[in-house]
Amino acid sequence: MVSQVVAAADEKPQQQLLLSKKAGCNSHGQDSSYFLGWQEYEKNPFDLVSNPSGIIQMGLAENQLSFDLLEDWLEKNPHALGLRQEGNSGASVFRDLALFQDYHGLPAFKNALARFMSEQRGHRVVFEPSNIVLTAGATSANEALMFCLADQGDAFLIPTPYYPGFDRDLKWRTGAEIVPVHCSSADGFRVTRAALDDAYRRAQRQRLRVKGVLITNPSNPLGTTVPRADLEMIVGFVAANKGIHLISDEIYAGTAFSDEFVSALEIVAELDNPTDVSDRVHVVYSLSKDLGLPGFRVGAIYSSNAGVVSAATKMSSFGLVSSQTQYLLAALLGDKEFTKGYVAENKRRIKERHDQLVEGLREMGIGCLGSNAGLFCWVDMGHLMRSRSFAGEMELWKKVVFEVGLNISPGSSCHCREPGWFRVCFANMSAKTLDVAMERLRSFVESSSNVTRRAAAAAAVLPARSISCPLAIKWALRLTPSTADRKAER
Ligand SMILES: Cc1ncc(COP(=O)(O)O)c(C=O)c1O
(Lines give C-alpha, C1' and ligand atoms only; values in the text may rest on other atoms or scores of the structure.)
Protein backbone atom coordinates (compact mmCIF):
# COMPACT_ATOMS: atom_id res chain seq x y z
CA MET A 1 0.00 0.00 0.00
CA VAL A 2 2.77 2.43 0.99
CA SER A 3 4.72 1.74 -2.19
CA GLN A 4 1.60 2.42 -4.30
CA VAL A 5 1.28 5.88 -2.75
CA VAL A 6 4.99 6.54 -3.29
CA ALA A 7 4.75 5.30 -6.87
CA ALA A 8 1.81 7.63 -7.58
CA ALA A 9 3.75 10.60 -6.17
CA ASP A 10 6.81 9.67 -8.23
CA GLU A 11 4.81 9.93 -11.44
CA LYS A 12 4.28 13.70 -10.97
CA PRO A 13 7.13 15.99 -12.02
CA GLN A 14 9.08 17.08 -8.93
CA GLN A 15 8.66 20.79 -9.60
CA GLN A 16 4.87 20.42 -9.43
CA LEU A 17 5.14 18.91 -5.97
CA LEU A 18 7.15 21.85 -4.59
CA LEU A 19 9.49 19.54 -2.67
CA SER A 20 13.06 19.91 -1.50
CA LYS A 21 15.98 18.63 -3.59
CA LYS A 22 16.52 15.85 -1.02
CA ALA A 23 12.94 14.60 -1.37
CA GLY A 24 13.37 14.30 -5.12
CA CYS A 25 16.92 12.98 -5.12
CA ASN A 26 17.10 9.46 -6.53
CA SER A 27 20.08 8.25 -4.49
CA HIS A 28 17.36 6.66 -2.35
CA GLY A 29 17.48 3.74 -4.79
CA GLN A 30 13.70 3.30 -4.90
CA ASP A 31 13.84 2.53 -8.62
CA SER A 32 16.18 -0.43 -8.09
CA SER A 33 14.86 -3.78 -9.32
CA TYR A 34 15.16 -4.89 -5.69
CA PHE A 35 12.29 -2.59 -4.69
CA LEU A 36 10.43 -2.87 -8.02
CA GLY A 37 10.16 -6.62 -7.45
CA TRP A 38 8.47 -5.98 -4.11
CA GLN A 39 5.94 -3.70 -5.82
CA GLU A 40 5.11 -6.42 -8.33
CA TYR A 41 4.66 -8.92 -5.50
CA GLU A 42 2.32 -6.56 -3.66
CA LYS A 43 0.07 -6.33 -6.71
CA ASN A 44 -0.40 -10.09 -6.85
CA PRO A 45 0.80 -11.83 -3.68
CA PHE A 46 0.86 -15.64 -3.65
CA ASP A 47 -1.30 -17.50 -1.17
CA LEU A 48 -1.46 -21.31 -1.14
CA VAL A 49 -5.26 -21.23 -0.82
CA SER A 50 -6.63 -17.88 -1.94
CA ASN A 51 -4.15 -16.95 -4.71
CA PRO A 52 -2.11 -20.00 -5.77
CA SER A 53 -1.06 -18.39 -9.05
CA GLY A 54 0.28 -15.20 -7.41
CA ILE A 55 3.90 -14.10 -7.16
CA ILE A 56 5.94 -15.81 -4.43
CA GLN A 57 8.04 -13.31 -2.48
CA MET A 58 11.63 -14.56 -2.49
CA GLY A 59 13.17 -11.10 -2.38
CA LEU A 60 12.53 -10.39 1.30
CA ALA A 61 15.04 -11.46 3.95
CA GLU A 62 12.49 -12.12 6.66
CA ASN A 63 12.75 -14.85 9.25
CA GLN A 64 9.34 -16.41 9.86
CA LEU A 65 10.71 -19.79 10.88
CA SER A 66 10.53 -19.50 14.66
CA PHE A 67 7.43 -17.45 15.39
CA ASP A 68 5.87 -20.37 17.25
CA LEU A 69 8.72 -20.28 19.79
CA LEU A 70 8.15 -16.58 20.44
CA GLU A 71 4.38 -17.01 20.62
CA ASP A 72 4.78 -19.86 23.04
CA TRP A 73 6.94 -17.67 25.29
CA LEU A 74 4.35 -14.86 25.13
CA GLU A 75 1.59 -17.29 26.17
CA LYS A 76 3.62 -18.30 29.21
CA ASN A 77 4.61 -14.74 30.11
CA PRO A 78 1.47 -12.60 29.83
CA HIS A 79 2.89 -9.95 32.19
CA ALA A 80 5.36 -8.80 29.51
CA LEU A 81 2.71 -7.87 26.94
CA GLY A 82 0.27 -6.79 29.65
CA LEU A 83 2.86 -4.25 30.88
CA ARG A 84 2.85 -5.68 34.38
CA GLN A 85 5.66 -6.63 36.71
CA GLU A 86 6.59 -10.28 36.82
CA GLY A 87 5.77 -12.27 39.96
CA ASN A 88 3.21 -11.96 42.68
CA SER A 89 2.77 -8.20 42.73
CA GLY A 90 1.86 -8.02 39.01
CA ALA A 91 1.71 -4.25 39.42
CA SER A 92 1.08 -2.23 36.26
CA VAL A 93 4.05 -0.42 34.73
CA PHE A 94 1.85 1.26 32.15
CA ARG A 95 2.19 4.79 33.50
CA ASP A 96 5.95 4.58 33.88
CA LEU A 97 6.33 3.31 30.31
CA ALA A 98 3.89 5.83 28.89
CA LEU A 99 6.05 8.65 30.23
CA PHE A 100 9.48 7.09 29.59
CA GLN A 101 11.34 8.84 26.78
CA ASP A 102 14.99 8.72 27.84
CA TYR A 103 17.16 8.22 24.79
CA HIS A 104 19.58 6.11 26.83
CA GLY A 105 16.96 3.33 26.84
CA LEU A 106 15.62 1.11 29.61
CA PRO A 107 18.62 -0.27 31.56
CA ALA A 108 16.97 -3.70 31.87
CA PHE A 109 16.62 -3.90 28.11
CA LYS A 110 20.16 -2.78 27.34
CA ASN A 111 21.53 -5.32 29.82
CA ALA A 112 19.46 -8.11 28.28
CA LEU A 113 20.42 -7.10 24.74
CA ALA A 114 24.13 -6.95 25.63
CA ARG A 115 23.94 -10.45 27.09
CA PHE A 116 22.01 -11.78 24.07
CA MET A 117 24.59 -10.33 21.65
CA SER A 118 27.34 -11.95 23.67
CA GLU A 119 25.50 -15.29 23.74
CA GLN A 120 25.34 -15.31 19.93
CA ARG A 121 29.12 -15.02 19.81
CA GLY A 122 29.64 -17.92 22.19
CA HIS A 123 30.39 -15.37 24.97
CA ARG A 124 33.77 -14.74 23.30
CA VAL A 125 32.88 -11.02 23.23
CA VAL A 126 31.51 -9.14 26.22
CA PHE A 127 29.25 -6.23 25.37
CA GLU A 128 29.24 -3.31 27.78
CA PRO A 129 25.64 -1.98 28.00
CA SER A 130 26.83 1.63 28.30
CA ASN A 131 28.47 1.32 24.84
CA ILE A 132 25.13 0.45 23.24
CA VAL A 133 23.03 3.07 21.46
CA LEU A 134 19.48 1.91 20.71
CA THR A 135 18.06 2.76 17.30
CA ALA A 136 14.95 2.05 15.25
CA GLY A 137 16.45 -0.98 13.49
CA ALA A 138 19.82 -1.45 11.79
CA THR A 139 18.63 0.98 9.09
CA SER A 140 18.69 3.79 11.59
CA ALA A 141 21.92 2.52 13.21
CA ASN A 142 23.80 2.54 9.90
CA GLU A 143 22.57 5.99 8.98
CA ALA A 144 23.38 7.39 12.44
CA LEU A 145 26.93 6.01 12.14
CA MET A 146 27.30 7.71 8.77
CA PHE A 147 26.18 11.00 10.30
CA CYS A 148 28.70 10.49 13.11
CA LEU A 149 31.68 9.49 10.94
CA ALA A 150 31.30 11.05 7.49
CA ASP A 151 30.70 14.51 6.13
CA GLN A 152 28.83 15.09 2.90
CA GLY A 153 30.95 13.71 0.06
CA ASP A 154 33.08 11.45 2.28
CA ALA A 155 33.20 7.81 1.28
CA PHE A 156 32.90 4.34 2.76
CA LEU A 157 34.37 1.32 0.97
CA ILE A 158 31.88 -1.55 0.78
CA PRO A 159 32.55 -5.03 -0.62
CA THR A 160 30.22 -6.08 -3.43
CA PRO A 161 27.75 -7.59 -3.77
CA TYR A 162 26.07 -5.61 -0.95
CA TYR A 163 22.61 -5.15 0.58
CA PRO A 164 20.69 -2.84 -1.81
CA GLY A 165 19.21 -0.88 1.12
CA PHE A 166 22.66 0.61 1.83
CA ASP A 167 22.25 3.10 -1.02
CA ARG A 168 19.27 4.51 0.86
CA ASP A 169 20.52 4.03 4.42
CA LEU A 170 24.08 5.29 4.01
CA LYS A 171 23.87 7.82 1.19
CA TRP A 172 20.45 9.33 0.76
CA ARG A 173 20.07 11.74 3.68
CA THR A 174 23.72 11.96 4.74
CA GLY A 175 25.25 12.76 1.35
CA ALA A 176 28.00 10.19 2.02
CA GLU A 177 29.31 8.14 -0.90
CA ILE A 178 29.83 4.40 -1.35
CA VAL A 179 32.89 3.18 -3.22
CA PRO A 180 32.49 -0.50 -4.15
CA VAL A 181 35.19 -3.01 -3.26
CA HIS A 182 34.84 -5.39 -6.20
CA CYS A 183 34.82 -9.03 -5.15
CA SER A 184 34.82 -11.89 -7.60
CA SER A 185 33.18 -15.30 -7.93
CA ALA A 186 36.63 -16.71 -8.75
CA ASP A 187 37.41 -16.75 -5.01
CA GLY A 188 33.88 -17.04 -3.62
CA PHE A 189 33.40 -13.23 -3.44
CA ARG A 190 35.85 -12.97 -0.53
CA VAL A 191 37.29 -9.56 0.31
CA THR A 192 40.94 -9.37 -0.71
CA ARG A 193 43.61 -6.88 0.22
CA ALA A 194 44.11 -6.10 -3.48
CA ALA A 195 40.40 -5.27 -3.89
CA LEU A 196 40.47 -3.00 -0.83
CA ASP A 197 43.58 -1.20 -2.07
CA ASP A 198 42.02 -0.82 -5.50
CA ALA A 199 38.84 0.71 -4.05
CA TYR A 200 40.89 3.05 -1.87
CA ARG A 201 42.86 4.26 -4.89
CA ARG A 202 39.68 4.72 -6.95
CA ALA A 203 38.19 6.83 -4.16
CA GLN A 204 41.34 8.97 -4.11
CA ARG A 205 41.22 9.40 -7.87
CA GLN A 206 37.61 10.60 -7.47
CA ARG A 207 38.90 13.03 -4.80
CA LEU A 208 36.74 11.39 -2.14
CA ARG A 209 37.97 11.30 1.43
CA VAL A 210 37.75 7.69 2.62
CA LYS A 211 36.30 7.54 6.14
CA GLY A 212 35.96 3.82 6.49
CA VAL A 213 35.11 0.32 5.40
CA LEU A 214 31.70 -1.22 5.99
CA ILE A 215 31.25 -4.97 5.93
CA THR A 216 28.19 -7.15 6.52
CA ASN A 217 29.11 -10.26 8.48
CA PRO A 218 27.45 -12.68 7.84
CA SER A 219 27.05 -11.25 4.38
CA ASN A 220 23.82 -10.12 2.79
CA PRO A 221 23.43 -11.20 -0.04
CA LEU A 222 26.06 -13.99 0.02
CA GLY A 223 24.84 -15.86 3.11
CA THR A 224 28.44 -16.48 4.16
CA THR A 225 30.35 -15.62 7.32
CA VAL A 226 33.53 -13.63 6.76
CA PRO A 227 36.48 -16.00 7.36
CA ARG A 228 38.71 -15.15 10.32
CA ALA A 229 41.74 -14.55 8.07
CA ASP A 230 39.79 -12.06 5.95
CA LEU A 231 38.55 -10.26 9.06
CA GLU A 232 42.12 -10.02 10.33
CA MET A 233 43.17 -8.55 6.99
CA ILE A 234 40.30 -5.99 7.06
CA VAL A 235 40.96 -4.97 10.68
CA GLY A 236 44.67 -4.71 9.79
CA PHE A 237 43.83 -2.47 6.83
CA VAL A 238 41.81 -0.17 9.10
CA ALA A 239 44.44 -0.21 11.83
CA ALA A 240 47.13 0.80 9.32
CA ASN A 241 45.07 3.71 7.92
CA LYS A 242 44.80 5.96 10.95
CA GLY A 243 42.03 8.12 9.58
CA ILE A 244 39.45 5.43 8.89
CA HIS A 245 36.82 3.37 10.70
CA LEU A 246 35.34 -0.11 10.34
CA ILE A 247 31.60 -0.65 10.59
CA SER A 248 30.67 -4.30 10.93
CA ASP A 249 26.97 -4.85 10.32
CA GLU A 250 26.36 -8.10 12.22
CA ILE A 251 22.59 -8.13 11.87
CA TYR A 252 22.67 -11.80 10.73
CA ALA A 253 24.98 -12.98 13.56
CA GLY A 254 22.40 -15.38 14.97
CA THR A 255 21.60 -16.97 11.61
CA ALA A 256 25.06 -18.54 11.21
CA PHE A 257 24.29 -22.24 11.35
CA SER A 258 27.87 -23.44 11.48
CA ASP A 259 30.24 -22.46 14.30
CA GLU A 260 32.29 -20.21 12.06
CA PHE A 261 30.85 -16.78 12.87
CA VAL A 262 33.58 -14.48 14.17
CA SER A 263 32.77 -10.91 15.19
CA ALA A 264 35.07 -8.04 14.19
CA LEU A 265 35.28 -7.28 17.92
CA GLU A 266 36.91 -10.66 18.57
CA ILE A 267 39.66 -9.83 16.10
CA VAL A 268 40.23 -6.43 17.68
CA ALA A 269 40.45 -7.97 21.16
CA GLU A 270 43.12 -10.42 19.93
CA LEU A 271 45.43 -7.67 18.61
CA ASP A 272 48.72 -7.00 20.43
CA ASN A 273 47.62 -3.44 20.92
CA PRO A 274 43.82 -3.32 20.60
CA THR A 275 43.52 0.31 21.71
CA ASP A 276 45.17 1.35 18.40
CA VAL A 277 41.96 0.53 16.62
CA SER A 278 39.26 -0.33 19.16
CA ASP A 279 37.65 3.12 19.10
CA ARG A 280 37.43 2.93 15.28
CA VAL A 281 35.52 -0.35 15.07
CA HIS A 282 31.73 -0.16 15.44
CA VAL A 283 29.21 -2.97 15.32
CA VAL A 284 25.63 -2.65 14.06
CA TYR A 285 22.99 -5.07 15.28
CA SER A 286 19.22 -5.51 15.18
CA LEU A 287 16.54 -7.98 16.20
CA SER A 288 14.97 -7.91 12.72
CA LYS A 289 16.62 -11.11 11.50
CA ASP A 290 17.74 -13.24 14.44
CA LEU A 291 14.44 -12.84 16.29
CA GLY A 292 12.41 -12.17 13.15
CA LEU A 293 11.02 -8.88 14.49
CA PRO A 294 11.58 -6.22 11.79
CA GLY A 295 8.24 -4.63 12.67
CA PHE A 296 9.40 -3.94 16.24
CA ARG A 297 12.18 -1.68 14.91
CA VAL A 298 14.90 -2.59 17.39
CA GLY A 299 18.51 -1.97 16.43
CA ALA A 300 21.74 -0.97 18.07
CA ILE A 301 25.14 0.60 17.54
CA TYR A 302 27.91 -0.85 19.65
CA SER A 303 31.01 1.31 19.95
CA SER A 304 33.88 1.80 22.39
CA ASN A 305 34.32 5.33 21.06
CA ALA A 306 32.82 7.68 23.66
CA GLY A 307 32.37 10.43 21.06
CA VAL A 308 30.43 8.14 18.75
CA VAL A 309 28.26 6.84 21.59
CA SER A 310 27.48 10.34 22.76
CA ALA A 311 26.69 11.75 19.29
CA ALA A 312 24.71 8.69 18.21
CA THR A 313 22.70 8.74 21.44
CA LYS A 314 21.65 12.33 20.74
CA MET A 315 20.83 11.39 17.14
CA SER A 316 18.76 8.44 18.29
CA SER A 317 16.07 10.95 19.27
CA PHE A 318 15.01 10.69 15.63
CA GLY A 319 14.44 6.96 15.81
CA LEU A 320 13.86 5.69 19.35
CA VAL A 321 12.64 2.23 20.26
CA SER A 322 9.28 2.56 22.01
CA SER A 323 9.32 1.88 25.74
CA GLN A 324 6.72 -0.91 25.68
CA THR A 325 8.79 -2.75 23.04
CA GLN A 326 11.86 -2.40 25.25
CA TYR A 327 9.89 -3.64 28.25
CA LEU A 328 8.60 -6.70 26.44
CA LEU A 329 11.99 -7.59 24.97
CA ALA A 330 13.83 -7.02 28.26
CA ALA A 331 11.69 -9.81 29.69
CA LEU A 332 12.09 -12.07 26.66
CA LEU A 333 15.85 -11.66 26.20
CA GLY A 334 16.34 -11.73 29.95
CA ASP A 335 14.99 -15.30 30.00
CA LYS A 336 18.31 -17.12 29.53
CA GLU A 337 16.78 -20.55 29.24
CA PHE A 338 14.44 -19.34 26.51
CA THR A 339 17.16 -17.56 24.48
CA LYS A 340 19.46 -20.59 24.66
CA GLY A 341 16.78 -22.88 23.25
CA TYR A 342 15.61 -20.30 20.73
CA VAL A 343 19.06 -19.57 19.27
CA ALA A 344 19.81 -23.27 18.76
CA GLU A 345 16.42 -24.19 17.32
CA ASN A 346 16.24 -21.13 15.06
CA LYS A 347 19.62 -22.01 13.53
CA ARG A 348 18.54 -25.60 13.05
CA ARG A 349 15.42 -24.49 11.17
CA ILE A 350 17.35 -22.00 9.03
CA LYS A 351 19.79 -24.71 8.03
CA GLU A 352 16.97 -27.12 7.21
CA ARG A 353 15.26 -24.58 4.96
CA HIS A 354 18.58 -23.56 3.41
CA ASP A 355 19.26 -27.22 2.56
CA GLN A 356 15.78 -27.61 1.02
CA LEU A 357 16.49 -24.73 -1.35
CA VAL A 358 20.05 -25.72 -2.21
CA GLU A 359 19.11 -29.36 -2.84
CA GLY A 360 16.09 -28.36 -4.98
CA LEU A 361 18.25 -26.05 -7.08
CA ARG A 362 20.99 -28.65 -7.39
CA GLU A 363 18.50 -31.17 -8.80
CA MET A 364 17.67 -28.73 -11.58
CA GLY A 365 21.30 -28.02 -12.34
CA ILE A 366 21.44 -24.61 -10.64
CA GLY A 367 24.41 -23.93 -8.39
CA CYS A 368 24.78 -21.63 -5.38
CA LEU A 369 27.69 -20.13 -3.54
CA GLY A 370 28.38 -22.43 -0.58
CA SER A 371 26.85 -20.65 2.41
CA ASN A 372 26.51 -21.11 6.16
CA ALA A 373 24.33 -18.21 7.34
CA GLY A 374 21.65 -15.70 6.37
CA LEU A 375 18.09 -16.11 5.18
CA PHE A 376 18.97 -16.48 1.48
CA CYS A 377 21.27 -18.12 -1.03
CA TRP A 378 23.38 -16.50 -3.70
CA VAL A 379 22.38 -18.39 -6.81
CA ASP A 380 24.15 -18.63 -10.16
CA MET A 381 21.56 -18.59 -12.95
CA GLY A 382 23.89 -17.30 -15.63
CA HIS A 383 23.38 -20.40 -17.80
CA LEU A 384 19.67 -19.54 -18.09
CA MET A 385 20.40 -16.13 -19.60
CA ARG A 386 20.43 -15.55 -23.32
CA SER A 387 23.55 -13.45 -22.95
CA ARG A 388 26.06 -13.12 -20.09
CA SER A 389 25.35 -9.42 -19.66
CA PHE A 390 23.36 -7.18 -17.35
CA ALA A 391 20.72 -6.85 -20.08
CA GLY A 392 20.53 -10.67 -20.10
CA GLU A 393 20.23 -10.69 -16.31
CA MET A 394 17.39 -8.14 -16.39
CA GLU A 395 15.62 -10.10 -19.11
CA LEU A 396 15.83 -13.31 -17.07
CA TRP A 397 14.72 -11.50 -13.90
CA LYS A 398 11.60 -10.19 -15.64
CA LYS A 399 10.75 -13.67 -16.89
CA VAL A 400 11.20 -15.13 -13.41
CA VAL A 401 9.00 -12.42 -11.84
CA PHE A 402 6.26 -12.14 -14.46
CA GLU A 403 6.14 -15.59 -16.02
CA VAL A 404 7.43 -17.94 -13.34
CA GLY A 405 5.91 -15.85 -10.55
CA LEU A 406 8.93 -15.64 -8.22
CA ASN A 407 10.28 -12.35 -6.97
CA ILE A 408 14.02 -12.87 -6.59
CA SER A 409 16.65 -10.11 -6.51
CA PRO A 410 19.07 -9.71 -9.41
CA GLY A 411 22.74 -9.41 -8.51
CA SER A 412 22.95 -6.06 -10.27
CA SER A 413 20.63 -4.59 -7.60
CA CYS A 414 23.32 -5.66 -5.09
CA HIS A 415 26.01 -4.00 -7.25
CA CYS A 416 27.51 -7.35 -8.22
CA ARG A 417 29.96 -6.85 -11.07
CA GLU A 418 29.29 -10.25 -12.64
CA PRO A 419 25.92 -10.76 -14.33
CA GLY A 420 23.95 -13.93 -13.66
CA TRP A 421 23.76 -14.04 -9.85
CA PHE A 422 20.50 -13.74 -7.93
CA ARG A 423 19.66 -13.56 -4.23
CA VAL A 424 16.91 -16.02 -3.35
CA CYS A 425 15.30 -15.83 0.11
CA PHE A 426 13.92 -18.94 1.81
CA ALA A 427 12.91 -18.11 5.39
CA ASN A 428 9.87 -15.88 4.80
CA MET A 429 7.59 -18.69 3.65
CA SER A 430 6.40 -22.16 4.61
CA ALA A 431 8.21 -25.29 3.41
CA LYS A 432 5.16 -25.99 1.22
CA THR A 433 5.41 -22.60 -0.48
CA LEU A 434 9.09 -23.20 -1.07
CA ASP A 435 8.13 -26.50 -2.72
CA VAL A 436 5.73 -24.64 -5.03
CA ALA A 437 8.47 -22.14 -5.87
CA MET A 438 10.90 -24.97 -6.67
CA GLU A 439 8.31 -26.69 -8.84
CA ARG A 440 7.72 -23.50 -10.82
CA LEU A 441 11.43 -22.99 -11.31
CA ARG A 442 11.90 -26.62 -12.36
CA SER A 443 9.22 -26.28 -15.11
CA PHE A 444 10.87 -23.08 -16.26
CA VAL A 445 14.35 -24.60 -16.41
CA GLU A 446 13.06 -27.68 -18.24
CA SER A 447 11.11 -25.70 -20.80
CA SER A 448 14.06 -23.33 -21.25
CA SER A 449 16.47 -26.17 -21.88
CA ASN A 450 13.98 -27.87 -24.26
CA VAL A 451 13.73 -24.64 -26.20
CA THR A 452 17.50 -24.25 -26.13
CA ARG A 453 17.95 -27.83 -27.38
CA ARG A 454 15.38 -27.33 -30.15
CA ALA A 455 17.01 -24.03 -31.12
CA ALA A 456 20.44 -25.70 -31.16
CA ALA A 457 19.10 -28.53 -33.33
CA ALA A 458 17.47 -26.02 -35.69
CA ALA A 459 20.66 -23.97 -35.73
CA ALA A 460 22.62 -27.03 -36.80
CA VAL A 461 20.78 -27.02 -40.13
CA LEU A 462 20.55 -23.25 -40.52
CA PRO A 463 23.10 -20.87 -42.03
CA ALA A 464 25.73 -19.59 -39.56
CA ARG A 465 24.11 -16.13 -39.25
CA SER A 466 21.06 -17.68 -37.59
CA ILE A 467 23.17 -19.58 -35.06
CA SER A 468 24.42 -16.36 -33.52
CA CYS A 469 20.92 -14.89 -33.32
CA PRO A 470 19.74 -15.47 -29.73
CA LEU A 471 16.27 -14.12 -30.55
CA ALA A 472 15.57 -17.50 -32.15
CA ILE A 473 15.27 -18.86 -28.61
CA LYS A 474 11.88 -18.35 -27.01
CA TRP A 475 11.16 -18.69 -23.31
CA ALA A 476 7.97 -20.62 -23.58
CA LEU A 477 6.70 -21.20 -20.08
CA ARG A 478 3.14 -20.16 -19.34
CA LEU A 479 2.22 -21.07 -15.81
CA THR A 480 -1.34 -19.91 -15.50
CA PRO A 481 -3.81 -17.85 -17.54
CA SER A 482 -3.38 -14.99 -15.09
CA THR A 483 0.36 -14.92 -15.81
CA ALA A 484 -0.40 -14.29 -19.44
CA ASP A 485 -2.97 -11.65 -18.50
CA ARG A 486 -0.46 -9.87 -16.32
CA LYS A 487 2.05 -9.89 -19.14
CA ALA A 488 -0.52 -8.43 -21.52
CA GLU A 489 -1.08 -5.51 -19.19
CA ARG A 490 2.55 -4.41 -19.48
C1 LIG B 1 22.76 -6.05 6.04
C2 LIG B 1 21.52 -5.36 6.53
N3 LIG B 1 21.63 -4.26 7.28
C4 LIG B 1 20.55 -3.60 7.70
C5 LIG B 1 19.27 -4.03 7.40
C6 LIG B 1 18.09 -3.27 7.92
O7 LIG B 1 17.53 -3.94 9.02
P8 LIG B 1 16.45 -3.34 10.02
O9 LIG B 1 15.15 -4.00 9.70
O10 LIG B 1 16.90 -3.72 11.39
O11 LIG B 1 16.41 -1.88 9.82
C12 LIG B 1 19.10 -5.17 6.63
C13 LIG B 1 17.77 -5.64 6.27
O14 LIG B 1 17.56 -6.46 5.41
C15 LIG B 1 20.26 -5.86 6.18
O16 LIG B 1 20.17 -6.97 5.43
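Tutor: Here is a walk through the salt bridges, starting with that arginine. This is a predicted model, so local features need pLDDT of at least 70, side-chain atom pairs count only at pLDDT 80 or more, and totals for chains, interfaces and linings use all residues. Residues are numbered from 1 along each chain as its sequence is written, and side-chain values use heavy atoms, with hydrogens and water left out.

Let's go to Arg-349, whose side chain forms a salt bridge with Asp-68 at 2.7 Å, N to O (a salt bridge being a side-chain nitrogen of Lys or Arg within 4 Å of a carboxyl oxygen of Asp or Glu). Asp-68 sits in helix α5 (residues 67–76) and Arg-349 in helix α16 (residues 336–363), so this pair ties together parts 281 residues apart in sequence. Helices here are DSSP runs (H or I, at least four residues), numbered from the N terminus.

Arg-349 also pairs with Glu-345, at 2.8 Å, N to O. Those two are both in helix α16, four residues apart, about one turn of the helix.

As for accessibility, Arg-349 is buried at 17%, while Asp-68 is partly exposed at 39% and Glu-345 is partly exposed at 22%. The cut-offs are under 20% relative accessible area for buried, over 50% for exposed, and partly exposed in between, using a 1.4 Å probe and protein chains only.

Zooming out a bit, Asp-68, Glu-345 and Arg-349 belong to a salt-bridge network that also includes Arg-348 and Glu-352. Across the whole structure, the search turns up 24 salt bridges.
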